[in-house]
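Dear colleague,

I am passing on the structure we talked about, with a short account of what was found in it. Please look it over below before reading on.

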Amino acid sequence: MIALANKRALVTGATGGLGKAIAAGLAAAGARVALGYNRAGAEAEALAATLPGNGHLPLCAPVTDSAALSEAAGRIMAEFGGLDILVNCAGITRFCPHGDLEALDDAIINDILAVNVRGVIACTRAMRPMLDATGRGVIVNISSIAARTAMGSNIAYCASKAAVDNLTMSLARALAPKIRVLSVAPGLVDTEFVKALSQDWRDEQAARTPLGDLARPEHVADAVVAAAGLLTYSTGTVIAVDGGRPLG
Ligand SMILES: NC(=O)c1ccc[n+]([C@@H]2O[C@H](COP(=O)([O-])OP(=O)(O)OC[C@H]3O[C@@H](n4cnc5c(N)ncnc54)[C@H](OP(=O)(O)O)[C@@H]3O)[C@@H](O)[C@H]2O)c1
């Protein structure tokens, strides 16, 4: 059991399919968790009440709004007295065939890059003073297998996740030794969204995966908890949680 007692964490996109599981994993390990939301305030309130432990904090943290992120940092300081763990999980995408460049219009590209890439930098910038102050802060960026395989919902999304892995390296160098920075890169995860896709397609994806199944949100949460609490000599690298899918 990895112990995160007395640790204070912020998960952005905490009400999403993966964010919920990550927040639950951190809380189960003993952390107090700030549940960052964009629009889903009511879901964040409800989630806070169901997590193990006490003192979890629903928190407005829209990652494309730097002023709001500064306010969120102030709220964490006031409520938690500091921050040990930042999980940059907020992310968006839209399905668009890779060859259909007309369908991938500038607005979609801008939105994806603003949330998935600029959001990681902006949230890191806002939370850095608190993470620095602990002397052993951790940032976990939720990347994707798409960063490595260039297969995913659309080409801008794949590029955004490659950028996240690159940010993990440069931030790890720039913020060391006080803050470690790691990417956790899931393959296809069996969230509600994926469960709604055709069973034949999901079976095919599982069959192409050496470990024979899709990831569950808990697999990703376990990797985040390990990155935060166990891998204390690791920084600037990518932890794949993909069942070996790129080998299949
Ligand atoms: N699911 C997968 O198979 C999979 C695989 C690899 C990587 N990932 C990555 O894992 C992360 C989470 O994915 P998911 O499946 O949990 O997605 P999801 O269920 O669609 O949830 C997305 C989350 O991002 C938040 N968000 C969107 N725009 C935001 C903004 N501007 N500011 C702050 N938060 C914002 C949403 O908050 P609101 O609802 O409040 O707007 C929501 O909580 C993403 O980075 C995704 O790329 C997912």
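This is a predicted model: local features need pLDDT of at least 70, side-chain atom pairs count only at pLDDT 80 or more; totals for chains, interfaces and linings use all residues.

Residues are numbered from 1 along each chain as its sequence is written. Helices (H or I, at least four residues) and strands (E, at least two) are DSSP runs, numbered from the N terminus.

Because 10 of its 13 residues are buried, α9 is largely enclosed by the rest of the structure; a residue is buried if 20 or more other C-beta atoms, placed from the backbone, lie within 10 Å of its own. Among these buried residues are Pro217, His219 and Val220, and what covers them includes α1 (17-28), β5 (137-142) and β6 (179-186), where contact requires C-beta atoms, placed from the backbone, to lie within 7 Å.

Helix α1 also provides the largest share of the shell around the ligand, 3 residues. Of the 27 residues around the ligand, Gly13, Gly16, Asn38, Ala90 and Gly91 come nearest, a residue being near if its C-beta atom, placed from the backbone, lies within 6 Å.

As for the whole protein chain, its secondary structure comes to 9 helices and 7 strands, and 48% of its 248 residues count as buried.

With best wishes

Terms used. A residue is buried if 20 or more other C-beta atoms lie within 10 Å of its own, exposed if 12 or fewer, and partly exposed in between; C-beta atoms are placed from the backbone. Two residues are in contact if their C-beta atoms, placed from the backbone, lie within 7 Å.
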